[in-house]
Amino acid sequence: MSQKIFALIFLLLLSSASHSELVIRVTQGNDKPTKIAIAPIDQSGIQSGEDISRIIESDLQRSGLFKTIDRRDMLAFPGSAQDVYYRDWRLLGSEYLVVGKLRSVGDGRYQLEFSLLNVTAQKTELTHKVNGSINQMRDLAHLVSDKVYQEITGIRGAFSTRLAYVTAVRKDKKYSYRLSVADADGAREQLVLESAEPIMSPSWSGDGKELAYVSFETGRPAIFRQNLVTAKREQLTNFTGLNGAPAWSPDGSQMALVLSKDGNPEIYLLNLNSKKFTRLTRHFAIDTEPTWMPDGKSLLFTSDRGGTPQIYKLNIATKATERLTFSGNYNARPSLAPDGRTLAMVHRQTDTFHIASFDLKTGRMIELTETRLDESPTVAPNGAMLMYATKQGDRGVLAAVSLDAGVRYMLPSRTGDVREPAWSPFLR
Amino acid sequence: MSNSLSYSAAILFSLVLHLALVAALFVDWQPESERVMIQPQFIEAKLVELAPKKKVPPPKAKPKKPRVDLAKKQREEKKRLAKIASQKKAAEKRRLEEERLKKAEEQRKEQLRLEELRRQEQEAERLRKESEFDQALAAEQALINAREDEQAANSYRQLIQQRLSENWSRPPSARLGMETLIRIRLVPTGRVVGVTVLKSSGDSAFDRSVEQAALKAEQFVELQTMDPALFERKFRQVDVAFSPEDLRL
């Protein structure tokens, strides 16, 4: 009998032992930037004026999720996976390696074949070919960055996206306003519109081919849409009072905007095909800054109907509104991340304006920036970063911060005051 | 977190011990000492009735005596009778004495027998106790060994867990609730010779971050100090579940 009991205990012990043996649980990590080496792309004498590898390096580095290996430390510059001695790269502490080759395929077209190699596991993760003209070397580089970023981070890369923003340049005591579009890294700036009167609130169409904005060029605010390729413009509103804050619906068929033609600022819906306006809000308080939920069925907007500016949600079909933010005495300029859950906004707890992220599901508010006078947040289409306008000295500049506040960087400063950035959707 | 984890084996152990105790109570486990039946060694003994050896002398036929000297005769007779009586008395006394002696002897023997019996019983008891003690000791030792094994294994596991945790850099696609289970194959030098995903999280970037964490660990040099038997039993293959609990989302 006693033997049996002991045997039983022993068995139990053994089984418990083998159970805990089954699985070691790792519940915490040590998130560090992934070390990656971008071997100089073999450009075989093609003179493009761009260093593709450097562009990839700065893309990845800027995301805050990667740390690149200095080119001067590299022992070899392999152009393809076959030429790689993994040991060399492992010695440099590199976890991944990008190798690539650019070659001409005729008709002024070029092909960049690249591979992402996993140095730790000693295997090729992906190989791709991208094509472009001699003027598209930056695009090719951003495409490589996108692919690498997505493969390693699990999130779609947004390096091939663009930014729209307004610059105010003071010339001879007079301001000149410019609406410009540039690559997400600030390069290749293109002028969209220049005016002596203010330009405000640029907003991208869902396909990234058009911009809507407010221009005072007619002497009072009016909303325009403009095709970025053909430069074709169309004035959409010409009401007395406020015409502002255009926001393109996700499917591109409608635009939410703010008009004060009926007395005080209210949210309206403009059908872009029929040009019909539908009034959505009816309140004596100010309702403004509409932004679309990803499903296109409801809008978020700012209203001071509760005494202080706060973010509300409006169901377009039922016109029912619901207050979302309660923390702080000022919450405005909502910009929604593509997950439909994380909301970036200008937030003031007591006396300073910051950019904060707000989790619509948990109601948690996190301040992302510590500087003063941060405004106009716009979330990247992959939801990883957001761009906002801030002050450097007395000049307005653009800065970016990751939505977990772990990474921040400033965009190269330009002449004049830069304000009101708008991050484009994915462009292809 | 990792602390509470390290206690889990100990807590589990004590839990199991308690459960076993309760189980023992339920099955009405009684110390075996009461059940072991030692057959007493019986000794065949007969109570012997000691018959008196000398019967009372048969009554003598009274010789007819000439009544010559009646008084004398009477005196003689008296004497004779007294003599007989005293003889009788002595015989009786002797008999009683003999009987007493016999009884005493008997008693002594019985006592000896009982003593012997008791001694044997005690010896048997001693032996029985000894063997039971040995058994308990052996079981106890086995328990201790298992526990020490388990303790050693746990400290190595903790080391592995720590190293993996340090090496684990999660991608931004990582979310609370994701879990990837991998099997790490090791050789006695502590070197990682293989990593396979047993259960994917469904997110390839997350899975890869887990594989990378194991591959980056490269070698757990500390495993070289491990008892080889323990290594063979528990560390040739180590299964590790990666599941973040320190993320915001």
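Residues are numbered from 1 along each chain as its sequence is written, while chains are lettered from A and ligands numbered from 1 in the order in which they are written. Because the model is predicted, local features need pLDDT of at least 70 and side-chain atom pairs count only at pLDDT 80 or more, whereas totals for chains, interfaces and linings use all residues.

**View 1. Chain A as a whole, with four helices and 30 strands.** Helices here are DSSP runs of H or I with at least four residues, strands are E runs of at least two, and both are numbered from the N terminus. Along the principal axes, the C-alpha atoms of chain A fill a box of roughly 90 × 80 × 45 Å. Of its 428 residues, 44% count as buried; a residue is buried if 20 or more other C-beta atoms lie within 10 Å of its own, exposed if 12 or fewer, and partly exposed in between, with C-beta atoms placed from the backbone. Among contacts between residues at least 6 apart in sequence, 42% join residues at least 24 apart. Two residues are in contact if their C-beta atoms, placed from the backbone, lie within 7 Å.

**View 2. Confidence along chain A.** The mean pLDDT of chain A is 89, and 94% of its residues reach 70 or more. The pLDDT is the predictor's confidence in each residue, from 0 to 100. Please read residues 11-21 of chain A with care: the pLDDT there is below 50. Beyond near neighbours in sequence, this stretch has 14 contacts in the model.

View 3. Arg419(A) is buried, with 21 C-beta neighbours inside 10 Å. Not counting residues up to four places away in sequence, Arg419(A) touches Tyr165(A), Val166(A), Ser376(A), Ala389(A) and Gly396(A). Arg419(A) and Val166(A) are 253 residues apart in sequence, yet their C-alpha atoms are 5.4 Å apart in space. Glu420(A) also counts as buried, with 24 C-beta neighbours inside 10 Å. Its phi is near 50°, a positive value in a residue other than glycine.

**View 4. Arg188(A), a loop residue with a positive phi.** Most residues other than glycine have a negative phi. Arg188(A) is not a glycine, but its phi is about 55°. You will find Arg188(A) in the loop between strand E8 (174-183) and strand E9 (190-195) of chain A. Arg188(A) is exposed, with 12 other C-beta atoms within 10 Å.

**View 5. Chain B as a whole, with four helices and three strands.** From the N terminus on, its elements run α-α-β-β-α-α-β. Chain B has 249 residues, of which 15% count as buried. Of the contacts in chain B with a separation of 6 or more, 76% come from residues 24 or more positions apart.

**View 6. Helices H2 and H4 packing in chain B.** Helix H2 (residues 70-167) and helix H4 (residues 228-235) of chain B pack at an angle of about 70°, with their axes 11 Å apart. Axes are lines fitted to C-alpha atoms, for helices over the stretch in contact, and angles run from 0 to 180 degrees between N-to-C directions. H2(B) and H4(B) are therefore roughly perpendicular, a term for angles of 65 to 115 degrees. The contact is made by Asp149(B), Ala152(B), Ala153(B) and Tyr156(B) of H2(B) and Leu230(B), Lys234(B) and Phe235(B) of H4(B).

Conventions: Parallel < 35°, antiparallel > 145°, perpendicular 65-115°, else oblique.
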